[in-house]
Every structure is written in structure tokens, then in C-alpha cells.
Amino acid sequence: MNGVAAVRQVLIADAALTALVPATRIGAGVLPLDTALPAISIMSVSANDLNIPSPATTRQVNERVQVTVMAESYLSQKAVMRAVRHAAADTRPTVSGIVNVTIHTVTAGPDFMDEAASIYLGSQDFRVIYNEQR
């Protein structure tokens with residue numbers, strides 16, 4: 001979950017984003033059903049380690065992390081998504097437990113709506129590369 005933790009850390013540290021979505025509504029994994037909107041869910045999509053024939057004390061991990069924005073309106077969803085990209089894209093945060101962290105944007109997902117719940121959704125994937133202890 002280190003890639004998820006890295007992305008959450010940069011998101012909750014960004015004042016422009018937390019002005020739109022309080023840090024308490026930016027979480028790892030599935031958010032509780034009663035979470036107020038707008039809210040942000042952060043989940044790992046995939047990860048792979050760089051296999052080194054002669055193992056060192058650390059290994060490089062390349063993780064794809066998805067950030068999903070949930071909002072009450074399409075305009076709000078788009079505003080939060082812009083703030084998410086601005087907060088996390090092309091950053092090099094310092095994250096406890098991992099080193100040499102770099103976060104880049106990759107694929108943006110589609111905009112969609114859960115009509116039954118009246119929630120507008122959109123996603124942005126990030127590539128998080130870091131070294132962790134073996």
C-alpha cells in the first residue's frame with residue numbers, strides 16, 4: 001500500500017485540494033457509504049518489483065494507483081479532478097518507509113454517473129515509483 005500512502009500524502013498536503021475536499025474525506029480503499037461529497041478514494045491497481053539478480057537491501061517498485069473522485073455535480077467532480085492532478089502530478093514526496101518516490105500521471109478514466117446514488121465520478125491513474133526495504 002506504499003504507493004497509495006504516497007499519493008494520499010501529497011493530496012492531503014495540498015491546500016487548494018483540501019479547500020475542496022477535506023483531508024478526512026480523502027482515503028485509502030473503499031470509503032464508508034455515508035461519506036459526504038465530494039470525496040476521494042485511492043486504491044492500488046497493480047504493482048511490480050524490479051527483480052535484481054544480486055539482491056540488495058532495497059527493491060524498486062512500480063505501482064499504478066487510481067484516484068477516484070466522487071461529487072454531487074459534474075462541475076464539482078471536474079474541479080476536484082483538476083486539483084488532484086495539480087497536487088500529485090510529477091512530484092517527488094518524502095514518504096515514511098519508502099525512498100526515492102516519484103509520482104507521475106498516466107491514464108485518466110472516463111467520467112460517469114451513478115444515477116441511483118446521484119454521484120458523479122471520475123478517475124485518474126498515477127504511476128508511483130519507489131524503493132522499499134527488501
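**Reading salt bridges in a predicted model**

Mentor: Strands (E, at least two residues) are DSSP runs, numbered from the N terminus. This is a predicted model, in which local features need pLDDT of at least 70 and side-chain atom pairs count only at pLDDT 80 or more, while totals for chains, interfaces and linings use all residues. Residues are numbered from 1 along each chain as its sequence is written, and side-chain values use heavy atoms, with hydrogens and water left out.

Trainee: What is a salt bridge, and how many does the count come to?

Mentor: Side chains of opposite charge can pair when their charged atoms come close. The rule asks for a side-chain nitrogen of Lys or Arg within 4 Å of a carboxyl oxygen of Asp or Glu. The count here comes to 4 salt bridges.

Trainee: Which residues are linked in a network of salt bridges?

Mentor: The network links Asp 49, Arg 59 and Glu 132. Arg 59 pairs with Asp 49 at 3.3 Å between the closest N and O atoms; Arg 59 is in strand E3 (residues 58–71) and Asp 49 in strand E2 (residues 39–49), 10 residues apart. Between Glu 132 and Arg 59 the closest N and O atoms are 3.2 Å apart.

Trainee: Is Glu 132 buried or exposed?

Mentor: Buried means under 20% relative accessible area, exposed over 50%, and partly exposed in between (1.4 Å probe, protein chains only). Glu 132, at 17%, counts as buried, whereas Arg 59, at 21%, is partly exposed.

Technical notes. Helices (H or I, at least four residues) and strands (E, at least two) are DSSP runs, numbered from the N terminus.
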